[in-house]
Amino acid sequence: MVAQLGAQVVLARLLVPADYGVFSILLLTITLAGYFSELGGAALLVKKETITSEEIRTQFTIQVLIGLLLSCLALVSAEPVTRFFSLNDAADMMVIVGLNPLIIALGIVGNRMLSRQHQFKTIQVVSLASYVFGYAFLATLLAKLGWGPWSLVAGTLAQSTMATVCYLVMARHPMKPLLNKPSMTEQFSMGFHAFLSGLLTWGLFSLDRLFVGKLFPAQIVGTYVSAFNLSVAPIWQITSSVQQQLFAKGSRTAADPAALLQSYQTAVFYVIILVAPAMQLISLSSTEIVAILLGSKWSQVAPILHVLALAMPFYVLYGVSSPFLWAKGRISLDVGLQLLTVACMLLGLYAFVNDHVLEATYVVLATYFIRAVFGVITTTFQLGGSTAQTRQMLAWLVASIVPGVLCNLLERHLEAAYGRSYALIASIALLQVILNVAIVVLQARMAGGAIGWEADRLLAYCKRIGKRGLVRTST
């Protein structure tokens, strides 16, 4: 997370918003293509109790073929796509970025094999090291040399290449080409649902930026994308890692609904107690964050970041719901929920985004909230939760909103009366954290059970930290 944020800050100071705008639109189209890799059904390598060498070889062959097809499609569609988004002279850039799906495809099976073996720390290290090499080192160096958006292209390809090489070396799975018909049938059966879910996830995560890219010039698109990246940076890697762990763990305990429900409640509890306050603090201090990290030329990022940061806890909440639905075999239900929320986002973008880019941020906030509510209700019931437990989960969701709303209103009132200052923001931020923790922990203790125990453990930990601080202060 720190490496990702640091690289974004350095690159933002070396590049201009228009550079980010051009590259981000191209990367979104290529990312869409990347979800076609899910058609191969690589998730089956994690879910099945036993797998054969033939299944691994078949999956690897499928992924390579899909990657080759996607790279060819990028070559053919480069001209019309760049023309549609009015990105002049960017077709060559899209052709080069189009190699990314093939590079990633070569490492997908290795990644899934490591997930199957619960080597999540290894995956995290590979992800971090490849990001540091691709963006913090290579992209930053090339941006310093004046490569503009091409530095981001080089960084993306370098990151994917390094990660793929690491997965191939560490997993050491068989790679001899094979297309075994029974194995293909089973993998494509699961892969179709995985593809639909991934495609809809991409829609929720990307439609607003594509909409902004079509309606506004590259300068504004770059500003919006930078705000989006700043809001996502604190939670993206963590969410991806947690999803893999929850899916692998849930697949092993799918026959024990009580254990699955307890794991899900614990995951939701920690999202609300940790992620929600952190993102609300980013929203509260968005002006100061942008000024310190990015500088004056990116000042228009602050109001966009202010809203998008509030949307991220809801994105994470649904992110921890999907693995449990998949572990229970309710993949089609997850796809249905995704389809509903994508429809909401499309309707909102079409109806409300006209003259100002901020309109898109409020559509994102509303859509992610709707998605989180439906996800909590559906997942709790599917895992055998009662109506009372569902109400408790929704109460936590509402509790995560209240401190942010109250402190934002307080900030506006005090800023109008006394002016904006670091002391004012710091005081309100501290109040917000206290309110978040107090409300959610109180509700958890009232709920009792495993969640009440988690709340007691968290309080005990906070008391130990407080005592250590008092001891250091007194000495």
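## Accessible surface and overall composition

Accessible areas here come from the Shrake-Rupley method with a 1.4 Å probe. On that basis, the protein chain of this predicted model exposes about 21000 Å².

The protein chain contains 19 helices and zero strands. Of its 475 residues, 52% count as buried. Among the contacts in the protein chain with a separation of 6 or more, 82% are accounted for by residues 24 or more positions apart.

## Packing of helices α6 and α8

Two packed helices are described by the angle between their axes and the distance between the axes. Helix α6, which spans residues 100-116, packs against helix α8, which spans residues 149-171, at an angle of about 35°. The axes of α6 and α8 are 8 Å apart, and α6 passes α8 in a left-handed crossing.

On the α6 side, the contact is made by N100, I103, I104, L106, G107, G110, N111, M113 and L114. The α8 side contributes T156, L157, S160, T161, T164, Y167, L168, M170 and A171. By class, the residues of this contact of α6 with α8 comprise ten nonpolar, eight polar and no charged. An α-helix has 3.6 residues a turn, so residues three or four places apart point the same way.

## Two buried helical residues

S130 belongs to helix α7, which covers residues 120-144. The relative accessible area of S130 is 2%; because buried means under 20% relative accessible area, S130 is classed as buried. Leaving aside residues up to four places away in sequence, S130 touches Q159, M162 and A163.

P323 is placed in helix α14, made up of residues 301-327. With a relative accessible area of 6%, P323 is also buried. P323 and D334 are eleven residues apart along the chain, and their C-alpha atoms are separated by 9.4 Å.

## Helix α16 and the residue G384

Helix α16 runs through residues 358-382 and has 25 residues. From its first C-alpha to its last, α16 reaches 36 Å, which is close to the 36 Å expected at 1.5 Å a residue. G384 follows α16 and has a positive phi, near 90°.

Terms used:
Residues are numbered from 1 along each chain as its sequence is written. This is a predicted model: local features need pLDDT of at least 70, side-chain atom pairs count only at pLDDT 80 or more; totals for chains, interfaces and linings use all residues. Side-chain values use heavy atoms; hydrogens and water are left out. Helices (H or I, at least four residues) and strands (E, at least two) are DSSP runs, numbered from the N terminus. Buried means under 20% relative accessible area, exposed over 50%, partly exposed in between (1.4 Å probe, protein chains only). Contact means heavy atoms within 4.5 Å. Axes are lines fitted to C-alpha atoms, for helices over the stretch in contact, and angles run from 0 to 180 degrees between N-to-C directions. A crossing is left-handed if the near helix is turned anticlockwise from the far one by less than a right angle, and right-handed if clockwise. Ala, Val, Leu, Ile, Met, Phe, Trp, Tyr, Cys and Pro count as nonpolar, Asp, Glu, Lys and Arg as charged, and the others, Gly among them, as polar. The expected span of a helix is 1.5 Å times one less than its number of residues.
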